[in-house]
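Work through the exercises below with the sequence and the model open beside you, and try each task before reading its solution.

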Amino acid sequence: MTTDTTYLLENRNLEAGQRFAALSALFDPVSLRQFDACGIAEGWRCWEVGAGGSALVQAVADRVGSTGHVLATDIDASWTQPAARGNVEIRIHDVADDPPPATSFDLVHARLVLVHVARRELAFRNMASVLKPGGWLVVEDADPALQPLSCIDVHGPEQELANRVRAGFRTLLSGRGADLSFGRKLPRMFHEAGLEDVTAEAYFPIRHPQCVPLEIATVRMLRKDLEDRGIVTSDEVEKHLENVRGGRLDLSQPPMISVRGRKPR
Ligand SMILES: C[S@@+](CC[C@H](N)C(=O)[O-])C[C@H]1O[C@@H](n2cnc3c(N)ncnc32)[C@H](O)[C@@H]1O
């Protein structure tokens with residue numbers, strides 16, 4: 001029997017754009033804070049891996065200015081295209097299966113990508129291999145096993161249903177080869193790659209307005225799989241979406257672990 005390790009939340013779905021917008025609103029400030037801590041400046045060359053949407057690519061392009069350059073790659077870059085401009089190149093590229101770009105970078109970043117990639121260690125090595133001396137690698141990934149619940153304060157059937165839907169999502173992710181405890185492994189991977197000045201921290205939204213559109217888009221994207229596998233019924237999905245839209249849930253996301261480290265000079 002073979003395991004399907006293709007990316008679960010395919011970008012060709014209409015809801016992918018809504019997910020990217022919500023992910024940006026939730027996490028771009030966290031990522032930009034990492035880049036600022038690295039000292040991102042005009043003229044830097046950056047590689048945004050598994051870019052997804054366009055907002056973060058645009059923000060990085062603004063920071064590096066016209067003398068800098070941003071390479072944004074993804075296995076499906078349809079939603080990245082609005083970021084196209086003079087100092088941005090958008091390319092279809094698989095971070096594990098394709099050779100890394102034949103150039104070196106001041107900053108390489110991947111957020112919520114490696115957790116989905118079956119050959120994630122190879123992907124990590126590919127990213128680290130193209131750092132300039134003194135260049136920074138920033139990898140941010142969720143660790144759902146640290147905190148798997150959708151609603152951490154369970155006080156009724158609405159929260160129980162929300163947590164069952166989230167558990168089903170995790171089952172689907174695992175079935176595609178995702179490592180649900182990947183985030184915690186990142187600091188060790190940075191050390192083993194010989195990177196210096198390694199710093200790791202976590203951001204854990206417990207109730208954030210953007211968790212609502214993120215949940216709606218994710219559930220709409222996966223409802224067929226969830227129903228076909230008997231994880232939830234169609235009525236339960238409708239009930240859950242009604243609870244989410246009605247603001248009756250404090251929806252959380254798993255901790256996202258952000259790690260940065262730099263190649264020795
Ligand atoms: C959860 S989304 C995150 C998007 C964006 N980085 C963000 O944080 O908003 C994962 C992205 O990784 C891309 N992806 C998945 N597997 C990939 C691979 N092997 N190589 C490059 N990109 C990949 C997907 O197409 C998708 O755009």
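**Exercise 1: the ligand site**

Task: find which residues come nearest to the ligand.

Solution: Around the ligand there are 17 residues, where a residue is near if one of its heavy atoms lies within 4 Å, and those that come nearest are Gly-50, Asp-74, Asp-94, Val-95 and Arg-111. This is a predicted model, in which local features need pLDDT of at least 70 and side-chain atom pairs count only at pLDDT 80 or more, while totals for chains, interfaces and linings use all residues. Residues are numbered from 1 along each chain as its sequence is written, and side-chain values use heavy atoms, with hydrogens and water left out.

Next, look at the polar contacts, each a pair of N or O atoms within 3.5 Å. An N or O atom in the side chain of Asp-94 lies 3.1 Å from a nitrogen atom of the ligand, and a polar backbone atom of Val-95 lies 3.0 Å from a ligand nitrogen. An oxygen atom of the ligand is 2.7 Å from an N or O atom in the side chain of Arg-111.

**Exercise 2: an aromatic pair**

Task: describe how the rings of Phe-27 and Tyr-203 are arranged.

Solution: Rings of Phe, Tyr and Trp (its six-membered ring) pair if their centres lie within 6.5 Å, and planes over 60 degrees apart count as edge-to-face. Phe-27 and Tyr-203 form an edge-to-face pair, 5.9 Å centre to centre with 90° between the planes. Phe-27 is buried at 3% relative accessibility (buried means under 20%, exposed over 50%, partly exposed in between, with a 1.4 Å probe and protein chains only), whereas Tyr-203 is partly exposed at 26%.

Conventions. Polar contact = N/O pair within 3.5 Å; in protein donor to acceptor, adjacent residues only side chain to side chain. Phe/Tyr/Trp six-rings, centres within 6.5 Å; stacked < 30°, edge-to-face > 60°.
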